[in-house]
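Please open the structure in your viewer and keep a selection panel at hand. The stops below are meant to be followed in order.

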Amino acid sequence: MREIFVANTDEIEDRERKVIVDGDLEIGVFRLGEDFFAWENNCPHSGGPICQGRIMNRVIENLDENKKSHGFLYVDEDVHIICPWHGFEFNIRTGVHPGDSQAKLNGYVVVVRDGGVYVEIE
Amino acid sequence: MIQVRELANIVKKDNEMNRSGQEKKSLDIIDARTDSREILSHARQQADARDFDDVFIVDIDAHIDDISAWPEIMDFIEDPVIRDAAGSFSGGTKRGAFHNGTPGLQWQNVWGRIPHGQGLKEDVDDKTIPRAVTLSRRAMDQMGLDYQVVFPNALLYIGMHPVKEMEIHLAKAYNRWLVEHVLTIDPRVKGLLYLPINNPEAAEETVRKYVGAPGVAGFTITSSRHAPIHSNEYMKLYAMLEEADQALAFHAAPNWEDEYPSQLNRFISVHALTFVLCNLVHLTNWVINGLPERFPKLRTLWIESGLAWLAFITQRLDNEYLMRSSEAPLLKRLPSEYISEMFFTTQPMERTNMNLLEATMDAISAPTQLVYASDWPHWDFDLPSSVWDLPFLDESAKRNILGYNAANLFNLEVPEKYQKRAHAAE
C-alpha cells in the first residue's frame, strides 16, 4: 500500500476533477462539496478515458401524479461523470451506472490530510 | 516562542514542499477540440497490450472528414451552374451546401456528452496534405490499423434528397475529390465510392470510371432511400459489379422522416431502429427476389446495422419462406443460407448478452463473413479490442474478422510482415 499525492484540496474546485498519471495507472479524483472520490480512468464499457469526460447532473423524466410526462429534469444531488468515448454515465459518489448496477467504476480510497488529497494504491 | 498559527504555516509549507516533489503528470478534460490522438490514447494502450502490431487489422467503415472539406468538394461539381450555386451557401463559404441531413449527425454527441460526436474539431498544422488524411492517420496509428476504408458523412442522406438529380452532382463531386485528392496520399487509406442509384445510368458510369482506380476498395449504396433494390433497372449495375469482381456495400443511416419512425420521440429510438430498418428492407428484397441466385459471385456487405438484427431476420425469413416458397421461386435454399454467405460489419456490436452474440455469429458464419468496422469518429464507434476480447472466438477467427475477411472481400494486399507470420504459423 502506498499513497499518491494528487493535489491540494483548494486546487480541485467543487464539481471538478484532477486526473493524474502514476506509471501505467490513471486516476481521476473528483470533488463534490467537501467530499472527494477517486476512480480509475478506465470505463468498464470499452476502456475509454471516463474521468476526462463531462460532469453533468443525472437526468430524470418529469412525471406528474397522473403518470403524464412533462419532459426532463436534472437532479442536482446526483452528479455524473460521462465517458467521452460513448456516453456511459456513472454517479461520482457511487461509481455506478444509473441503469445497470453491474456497471461500476474501479475505485480507490481517498485520504484528505493537511490540506492535501491523496489516493491509496495497492 | 512560536505561535500556533506560525507553526501551522511552517507545517503547511513543509507539506507543500514535500508534495511538490511528488507532482504527477495530469490529463486534461476531453472537449470538442481535443486532438484525436489524445482522445484515442487508451486505444493505443489497448493495441500495445494486445500486440496489435502483430495483427493484420482493416477498419472497413470509418468516416472521413468530408464536412470540413465540403467547400473543396463543391469545387469538383461538374455542372457549372450548380457549382456556382454552391458558393451561395453559408455566407459564401459553401459549408453545408445542398445538404439534406436529417436529424442524425447533429444528434451524435448525446447533447454534449460525447464531444467528438459533432465531428473532430482539432487543429491540424500540416497543410500540405488534406486534413482528412491526417485525421485518418491519427486514428489508424492509435487503433493499430493497417488499412482504413473511409466513407463520407454528408452523403449518407442524399439518396432521399428532394432534388433527385442532386444525388448525382454531389456523388460525382465527392468521388472525384476522394479519388484524386485523398486516396493518392496514403496507401493505407482506401475508399468506398458512392453509387447514385436514383439514376442507374449514373451509377453504372461510376463503376465504369473507377473500377481499378488506385485506392478504390469497392462501391456503396446508401441504405437510407426509397428505391427497391431488386428493380429491373439495377440489373445491369449488379452485373457490372459482379463481372468486375467488386464488392457492393449497403451503408445504413438513420431516418426520422418515414411514417413509422416519425412516431419516435427520442434519437436513441430512431438510432436503434432505423439503422437496422433500412438494411432489413433492402436485405429482404435482395434475398426474396433471388439476387444471390442471379448474381452468385457478387459479394454484398451490410454496414452499420450491428449484428442483433441478423438473429431475427434469418429465423423470420426461413420460417415464412417454408410456408410461402411460391412467392420466392428463385430461391433454391433457405434464406438464412444465402444470408450466411453475405458479409456483415461488426459495428455497433451489441455485446450485452454474450450467449445471443455467439449464436448470432454462428448463424452468419462470422469466422469467414464478418468484418471489423470502427465507425470512428461517430459516437458508437468500436475499437479492434471489441473483437479481440470476445470470449467465444478462437484466435484464428478473431484475426479473420479483424483483417483477413476484409482482405478477401476487397482484394486488399496483406502486408508482407503478416504473410511471413502466416507462413511461420504453417
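This is a predicted model: local features need pLDDT of at least 70, side-chain atom pairs count only at pLDDT 80 or more; totals for chains, interfaces and linings use all residues.

Residues are numbered from 1 along each chain as its sequence is written, and chains are lettered from A and ligands numbered from 1 in the order in which they are written.

Select chain A, whose secondary structure comes to zero helices and twelve strands, where helices (H or I, at least four residues) and strands (E, at least two) are DSSP runs numbered from the N terminus. Its C-alpha atoms fill a box of roughly 55 × 30 × 20 Å along the principal axes. Of its 122 residues, 39% count as buried, that is, with 20 or more other C-beta atoms within 10 Å of their own, the C-beta atoms being placed from the backbone.

Next, show the contact between the chains, which takes 23 residues from chain A and 25 residues from chain B; two residues are in contact if their C-beta atoms, placed from the backbone, lie within 7 Å. On the side of chain A that touches chain B, strand 1 (2–8) and strand 2 (16–22) each supply at least two residues, and strand 2 of chain A gives the most, with five residues. Zoom in on strand 2 of chain A, which three bridges join to strand 1 (residues 25–27) of chain B in an antiparallel run; strands pair if DSSP finds at least two bridges between them.

Now move to chain B, where an open sheet of eight strands has the order 2-3-4-5-6-7-8-9, with parallel pairing. Strand 2 (58–63) and strand 9 (370–371) of chain B stand at the edges, each with a single partner strand, so one side of each is left without a neighbour in the sheet. Within the sheet, select strand 6 (residues 248–251) and strand 7 (residues 300–303) of chain B, which pair in the parallel sense over four bridges; one of the pairings is B:L248 with B:T300.

Finally, colour the largest nonpolar core, which has 112 residues; such a core is a set of buried Ala, Val, Leu, Ile, Met, Phe, Trp, Tyr and Cys residues joined through C-beta atoms within 7 Å. Among the residues with the most contacts inside this core are B:I57, B:M143 and B:Y372. A second, separate core of 29 residues includes A:F5, A:V6, A:I20 and A:W39.

Technical notes. A residue is buried if 20 or more other C-beta atoms lie within 10 Å of its own, exposed if 12 or fewer, and partly exposed in between; C-beta atoms are placed from the backbone.
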